Amino acid sequence: MTTFRSVNPARPDEVVGEYPVHDAEAVDAAVARAARAQRSWARRPVPARADIIAAAGTIISRDKDAFTALVSREAGKVLVEAGGDVQEAVDMAWFVAGQGRAAWGATVPSELGDKLCWTTRQPVGVVGMITPWNFPVAIPSWKIFPALLAGNGVVIKPSEHAPACCEAFVAACVEAGVPADLVQVVHGFAEPAAALAAHPGVRALSFTGSVPTGRKVAVAAMETGPRLLSLELGGKNAMVVRADADLDLAVEGAVFGAFGTSGQRCTSTSRLIAHPDIAAELVDRIVKRAAELRLGDPQDPSVDVGPVITGSSAERIAGMVAAAVDEGATVATGGEIVTADGCEGGAFFTPTVLTGVRPDHHIARHEVFGPVLAVLEVADMDDALAVVNSVEYGLSAAVYTRDINAALRAVDAIDTGIVYVNAPTIGAEIPLPFGGTKHTGNGFREAGSRGIEQFSEVKTVYVDYSGRLQKAQIDTHPPEGGAPAGTEGR
Ligand code: UN1
């Protein structure tokens with residue numbers, strides 16, 4: 001069988017693991033195995049499933065250091081951020097486990113007597129998942145834990161840049177008691193992903209990645225039959241800084257939001273929109289801080305910014321910066337691929353601030369997925385909010401201000417799935433819904449209590465215990481002075 005290698009993006013000659021390139025036939029076999037295992041899994045009571053998910057969280061927490069080192073080595077994250085990625089999976093396990101002993105639906109009063117109405121959830125069967133490398137433990141956990149709690153089997157195709165993290169995550173699930181065949185991992189590139197998306201045995205599909213790939217996945221998914229389809233497709237996230245903001249806080253937030261994870265979060269801050277009165281000072285300070293950030297081996301605790309995922313990714317980012325300059329932007333700091341001083345051979349890109357960016361520039365409208373912050377000039381704050389909303393994405397946004405009224409008006413006006421006040425655009429917590437508006441997705445939200453909805457079908461149940469035919473909408477209004485249908489004799 002053909003194989004591929006996952007490598008350390010800081011030192012691409014260091015192989016993290018070698019994995020098979022699965023074809024459509026292998027995907028078919030994986031779906032069949034997951035479907036078989038799912039039938040007995042779905043018969044377990046929900047709290048029993050929850051206990052296994054909680055145990056998976058405990059195992060990942062026990063092995064947090066090893067997971068963190070692996071995430072850092074395979075995805076290039078600095079250690080503290082790799083630890084955050086792993087912690088997010090632990091949090092998710094324990095949160096989802098709690099949902100296994102919480103309300104599962106609603107009871108609703110019937111319009112007729114002697115009749116009960118409630119909703120419950122049922123598994124869909126096999127869920128297909130296509131996950132990215134940038135949160136190689138957290139994102140599989142957002143999808144796999146709720147899918148399992150809902151009683152499903154899983155076939156997951158992780159990014160070819162993070163197969164080892166996914167395998168380690170699934171091994172923890174199996175150690176916790178998840179039946180071995182219930183979660184299948186398929187590896188490779190576009191072929192297994194396309195086969196999974198189009199597989200008729202896959203009843204729900206969850207994809208996190210880019211807009212173009214997400215669209216292809218959606219079309220493939222719908223061609224072979226209806227699916228519960230959830231898409232999370234990135235962002236062009238803006239930070240708005242009002243003149244009354246705490247500038248120290250805004251500088252810290254912009255630096256972490258834009259350059260944390262080397263700018264490779266869907267939620268990364270990629271646009272800065274500041275009031276003209278404070279813009280120059282704010283940008284100067286961000287530029288100074290960006291220039292001080294230390295690039296290098298992400299496993300060295302003194303390093304601030306690790307590599308981007310591949311050399312071709314670094315080239316792509318360099319191309320976007322060059323195109324921005326052609327359109328009239330200025331590189332205030334960064335803008336370069338680094339190959340010296342501890343960055344030899346790896347894919348490193350300097351934290352970059354571009355000034356003089358206009359809303360119609362390509363760099364102001366398209367996701368970079370790299371450490372590049374575009375500074376846009378605006379006339380006033382109404383203009384700022386219009387610029388925030390002018391892109392096709394709608395994932396995350398931040399507003400910095402000390403004025404509570406202005407903050408809440410901005411929260412109302414901004415068209416994104418997530419808004420932060422006095423905090424950067426990154427850092428979502430798992431008990432809350434995660435996802436975005438417009439081209440960022442298709443209306444679904446991940447995580448939080450909504451996670452279950454992604455992977456289950458609602459079933460509405462009516463039980464009539466009156467012993468006779470009662471007609472909804474017809475037998476509802478009793479005759480003048482009479483008892484409502486179904487309540488006689490009480
Ligand atoms: C992503 O970038 O795909 O909110 C996920 C955050 C993280 C998750 C990001 N908790 O930045």
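Biologist: Which residues gather in a patch of positive charge on the surface?
Modeller: In this predicted model, such a patch exists on the surface. Lys and Arg are the residues that count as positive. The patch is made up of Arg-33, Arg-36, Arg-39 and Arg-43.

Biologist: Is Arg-43 buried or exposed?
Modeller: Arg-43 sits in the loop between helix H1 (24-41) and helix H2 (46-62). A residue has to be over 50% in relative accessible area to be called exposed. Arg-43 has 67% relative accessibility, so the word for it is exposed.

Biologist: What is the relative accessible area of Asp-23?
Modeller: Asp-23 is placed in the loop between strand E2 (11-20) and H1. Asp-23 is partly exposed because its relative accessible area is 33%.

Biologist: How many Å² of accessible area does the nonpolar patch on the surface have?
Modeller: The nonpolar patch is formed by Leu-116, Trp-118, Val-463 and Tyr-465. Of these, Tyr-465 is found in the segment after strand E21 (456-464). Together, the four residues Leu-116, Trp-118, Val-463 and Tyr-465 have an accessible area of about 370 Å².

Biologist: How far apart in space are Arg-11 and Pro-307?
Modeller: Arg-11 belongs to strand E2 and is partly exposed, at 32% relative accessibility. In sequence, Arg-11 and Pro-307 are 296 residues apart. In space, C-alpha to C-alpha, Arg-11 and Pro-307 are apart by 9.3 Å.

Biologist: What span should helix H6 have, at 1.5 Å a residue?
Modeller: Helix H6 has 14 residues, running over residues 163-176. The expected span is 1.5 Å times one less than the number of residues.

Biologist: Which residue just after H6 takes a positive phi?
Modeller: Buried residues of H6 include Cys-173 and Ala-176. Just after H6 comes a residue with a positive phi of about 120°. That residue is Gly-177.

Biologist: Is Ala-447 buried or exposed?
Modeller: Ala-447 lies in the loop between E20 and helix H15 (451-454). Ala-447 has a positive phi of about 60°, although it is not a glycine. Buried means under 20% relative accessible area. Ala-447 is at 1% relative accessibility and therefore counts as buried.

Note on methods: Residues are numbered from 1 along each chain as its sequence is written. This is a predicted model: local features need pLDDT of at least 70, side-chain atom pairs count only at pLDDT 80 or more; totals for chains, interfaces and linings use all residues. Side-chain values use heavy atoms; hydrogens and water are left out. Helices (H or I, at least four residues) and strands (E, at least two) are DSSP runs, numbered from the N terminus. Buried means under 20% relative accessible area, exposed over 50%, partly exposed in between (1.4 Å probe, protein chains only). Patches are made of residues with over 30% relative accessible area and no salt bridge: like charges are joined within 9 Å, nonpolar side chains (Val, Leu, Ile, Met, Phe, Trp, Tyr) within 5 Å. Accessible areas come from the Shrake-Rupley method with a 1.4 Å probe; for residues, only the protein chains shown count as cover. A salt bridge is a side-chain nitrogen of Lys or Arg within 4 Å of a carboxyl oxygen of Asp or Glu. The place of a charge is taken as NZ of Lys, CZ of Arg, CG of Asp or CD of Glu.
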